[in-house]
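The sequence and structure are shown first.

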Amino acid sequence: MKQSNNIAELKKKVAPYEQTDTKASIRQLLNTVVPMLLLWYGAYLSLSVSFWLTLPIAVVTAGFVVRTFIIFHDCCHQSFFKSRLANDTLGFILGVITLCPYQQWKNSHSIHHATSSNLDKRGIGDIWIMTVEEYAAAPLWLRLSYRFYRHPLVMFGLGPIFVFLFQYRFNRKGAKSKERIDTYMTNVVLVSLYALMIWLIGWQAFVMVQLPVMFVSGLLGIWLFYVQHQFEDSYFEHEEEWSYVKAAVEGSSYYKLPKVLQWITGNIGFHHVHHLSPKVPNYNLEKAHNATPPLQKATTITLRTSFQSLKFKLWDEQAKNFISFREMKLPRSTSESVTDRLKGQRPGLQGE
C-alpha cells in the first residue's frame, strides 16, 4: 500500500509534464533530422578533400543520430505526438534511420521499464548483469563469456556493430506477427535505402560516411543506457522486495551533462524522471526534475565520474552495490535458488 501511495504521489506531481506539445515536437523534429541529413551530405562532400575532414563531421552527425533516436524512443512511449498513428508512423521512419525496428524495440523496451532493477526478471531489454553469487556458481565457460561480454572493447567496440547491424535484423523468439512484419518491413526499407545510396554515390563513399556515423552513434547509445543503470550504489532487488519507485529514482541515474551534450542527447540524462513517468516527452524531462524535489535526490553522475562505471562488473547482493572483478570475494556456498537462476543466463548484448 505504501509503494502505491508513493507512486500515486510522485505521478501526480509529474503529471503536468506528461502533456505533449505538438509545436515543440515539430520544432525538435526539424532541428534534429534536418541538420542530421545536411551533416551527412556535408560529410560526403568532404571526402573530396580528405577523409580526415570527413571523420569529425561524421562524429557530429552521429550526435544528431542519437538525438533522432531519442525522438524515436519517445514515439515508442507514445509521448512525442498525441496521435498513436503519428507516433507509430514517425517511429517506423526514424527506426529505419537509427537501424532499430520500431515494434521490436518498443516491446522489449516496455519490458525493460516494467522489470528494471528486478533481479528475478532480467534478460529482455537490458544489459547482462550477474550477481557475485551467480558468478561464483557459474561454470567456467559462463564466467569467461561474462568477462568477455563485460569487457569495454567488446561492449562498446563490437557491441554497436553486433546490436545494430545484426541483432536488430532478426525477430526475438515468441514475437507476435505485428512485430515480425514490422522487422521485415524495416529490413526491406533499410536495404532498399542503402542500395539507392550506393547507386547514387558509390559503395566506397557510402561506407566511409555511414560506417563511422553508425558506429559512433551506436557506441554513444549503448554507453548512455549502460551508464544510467550501472553506477556503484544503484538499486537491485528480488521480486518480493522490488519497488517501482525505487527502481526509477534509485536504480536510474541523473546523468548531469554539459548543456551541449544534454541537448544532443535529448535530455535522456534525466533518466530517473523518464523511468518514473515514460509519458513525459524528452523536452519536459528537465522541467519535471526541477519541479519535483523527491526526484532531485536521484544519484547524480557527471561526464567525469561516469567513466568509473567501466570497472563495475558484478552486483553484490550483500553490500547492495556494484563491484569490480578484483573486489570480488566469492561466497563459500551457493544456494539452490542461485543455481536455478543461472540456468536462464545466456550471453548476449541486450542493452537498449
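How many salt bridges does the structure hold? The structure holds five salt bridges, a salt bridge being a side-chain nitrogen of Lys or Arg within 4 Å of a carboxyl oxygen of Asp or Glu. Among them are these:

| Pair | Closest N and O atoms |
|---|---|
| Lys121 and Glu239 | 3.5 Å |
| Glu179 and Arg172 | 3.0 Å |

Residues are numbered from 1 along each chain as its sequence is written. In this predicted model, local features need pLDDT of at least 70 and side-chain atom pairs count only at pLDDT 80 or more, while totals for chains, interfaces and linings use all residues; side-chain values use heavy atoms, without hydrogens and water.

Glu237 lies in the loop between α10 and α11 and Lys320 in the loop between β4 (314-316) and β5 (321-323), so this pair ties together parts 83 residues apart in sequence. Helices (H or I, at least four residues) and strands (E, at least two) are DSSP runs, numbered from the N terminus. Glu237 counts as buried at 17% relative accessibility, whereas Lys320 is partly exposed at 38%. Buried means under 20% relative accessible area, exposed over 50%, and partly exposed in between (1.4 Å probe, protein chains only).

In helix α7 (residues 140-150), Leu142, Tyr146, Tyr149 and Arg150 are buried. They lie on the same side of α7, because they cover an arc of only 90° around the axis, taken from the directions from the helix axis to the C-beta atoms. The face turned away from this buried side carries the exposed residues Leu140, Leu144 and Phe148.
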